[in-house]
Amino acid sequence: MTLYLIKILIFPGLLFLFILSLIGEYYDRKLYARMQNRVGPPWFQPVADFIKLLGKELIIPLNADARIFKILPVFACVATIVAYLYIPLFSKTSLLPFNGDIIFVLYMLTLPTLSYALAGWYSRSPYALIGSTRVLTQLFAYEVPLFMAVLAPAILASSWSFSELITFYQTHNWLWLVNILGFIVAMITLQGKLEKVPFDIPEAETEIVAGVFTEYTGPLYAYFRLAMNMQTIAGASLVAAVFLPFGFGSCLIVNFVIYILKIAFILFLLALMRTLFARLRIDQMLVFCWKYLAPIALAQITLNIIIKAWL
Amino acid sequence: MTKRIVIPVGPQHPALKEPASFDVTLKGERVADILVKVGYNHRGIEKGCEGRPYLHCVYLLERVCGICSHSHSTCFIQAVEELANVKIPEKASYIRALFGELERIHSHLLWLGVAAHEIGFDTLLMYSWRDREVVMDLLALLAGNRVNYTVNVIGGVRKDVTEEEKGQILKAVDILEERTKYYVRVATEEVSFIERLSKVGYISYEDALRLGAVGPTGRASGIKRDVRKDDPYAAYEEIDFDIITDDHCDVYGRAVVRVKELLQSYSIIRQLIKKLPQTPLSVNVPKNIPAGEAVSRYEAPRGEDIHYVKSNGTDKPDRVKLRAPTLANVQAVAKMLENGNFADVPIVVAAIDPCFSCTDRMIVAANDVLSEKENRMTWKQLREFSINWYKKNKGVDFSKIKKSDKHI
């Protein structure tokens, strides 16, 4: 029991995720800056930002529903942490494995997005309102391709559970390489989930200031940013567990290093995408997701069904 | 979604570099209506010119715009020189053109970065602004200032370009040309950039002509107009260059025109350096300018700039009126935004390269919804009010003074 609590609260649970998300933010910002020919922030910048925001004045708009306005950032954080607990990181099983945890994690990762939308709605500001409708529109665009892409490897492994999926790919060496199309789709949709360029439409600063977060200040905004950072790590861990299911064999420390390398690789791809593209419009985003990503994900599923019959 | 909501873009908004206000009425994500309000940054420069000697006006007018400072000062000086009936030495006209082109380069590179930022393409912003430093450093080297170079004096220029500086200019131009060719590639090959800009802010040739679009905005709709060719000033008559036009008629066309104009500017600078004659820098102009009126035109980076100067025989102008290019283009913006997407509002506004501080004059309260609530007074009421006010507060009775009908 005590061990469980330590695992949930400290490693690899809450505290670890908190530290990793701050490191992840630094890594992302530094990479982004270096690729743009800038110097980038010092290593402690994300921590400093977090502490600074915690100390700032908290302003709640008069029109806003104060109780929901305050709960939503915490809600987003909690949902992400819960999702993270169910993803296997550097051992075959996660902290709390059960059959069907892949689907559970996907749903838990949808909750922060819904809380952003509600946050925009309850802020009662025109910018936040537009941002919130955009969050929801975008959710409907990327969620289906993301689900299809993540479920394709699971179909091949005939299991909805992470541990069985990893065991399957360990017994079939290099078979995870067939999921490369799904990996690409998952990376692009993950970018949409994290609301970063080219899919930062819900918080396009030149149009709607900060979108759903416009009215958020101080500690509440700090928690939203934290939720966003933790979502990045959780999303990257999910993609790593499903599409890069290798490196669980050796001792714990080697496994841990491999996990960190996987996350670093995925964050690098996300930062690269941010550097290379301009922001799309919401209609272009919808067309792109439904016209190209969904068929590609479907092709992946079809491919996996054919391979499965052949195995 | 049929409910309409009004989104205020401005007066303070991340998309705007200067205060201006666009009240966008949205129907879903589409723009249903747009109300443009300018006038937040009126500085009274025209009036300020009236009390100052001509030379002081040059310095004041250079501060109309932080980016096209040379444009405004040259445009004004051309009018003054016409009034004084002076012909400036050939070298001065070459150096004026040289600074004009350097200014165009830094303005267009700045625009490219701003436009990229408006569509969320921050990498291009960082790249183009880094390269802009090359030309900014060059301007600082030549004139001592990054902006407001103050290279003009009435009757010529104040500063020569030495042989050593010529070499540095040519070297910088080579670097910039290489970088600009890269931007041409970005503009013609980068998919998300093209997707975001094409068919956005469309304005046809006829509409652009009717609404009086000038500069790159007009040229992107196929209007082949450029003051440097149509009414050559400075040394442009002896320089060989093309007017860049484009038939896309959208924001993408405006980007292409500006990037290609950069390449023209490099060629112009090379020719200017090659042909730079050896004459004195300036001629003496008497302090008192003879009475008269003059209008001068200048192709600023943003389009045609017009200055009107009325002199009265003293050392101070009677009236100075300037029309910045943004004023000519701002009419076209409302047309461009018709039935557009809300996401395109910032880039369409940015595409004319607006400079609201240059444009802002006194604001008139007509048609303003707010002013109807306030107590508006007619001339007669105002007179009665002031007579009563003085009677009550100062004990002076002005009611016997004969009323002039001139202003009613």
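Which elements are included in what covers the buried residues of α7(A)? Among them are α5 (101–123), α6 (126–157) and α10 (218–243) of chain A. This is a predicted model, in which local features need pLDDT of at least 70 and side-chain atom pairs count only at pLDDT 80 or more, while totals for chains, interfaces and linings use all residues. Residues are numbered from 1 along each chain as its sequence is written, and chains are lettered from A and ligands numbered from 1 in the order in which they are written.

**Helix α7 of chain A**

- Helices (H or I, at least four residues) and strands (E, at least two) are DSSP runs, numbered from the N terminus.
- In α7 (residues 162–171) of chain A, the buried residues are A:F162, A:L165, A:I166 and A:Y169.
- A residue is buried if 20 or more other C-beta atoms lie within 10 Å of its own, exposed if 12 or fewer, and partly exposed in between, with C-beta atoms placed from the backbone.
- The buried residues of α7(A) line one face of the helix, because they fall within an arc of 95° seen down its axis.
- That arc is taken from the directions from the helix axis to the C-beta atoms.

**Contact between the chains**

- Chain B has 26 residues in contact with 23 residues of chain A; contact requires C-beta atoms, placed from the backbone, to lie within 7 Å.
- With five residues, α5(B) gives the most to the side of chain B that touches chain A.

**Residue B:L276**

- B:L276 lies in the loop between α11 (251–275) and β6 (292–300) of chain B.
- B:L276 counts as partly exposed because it has 18 C-beta neighbours inside 10 Å.
- Not counting residues up to four places away in sequence, B:L276 touches B:K91, B:Y94 and B:V161.

Note on methods:
Two residues are in contact if their C-beta atoms, placed from the backbone, lie within 7 Å.
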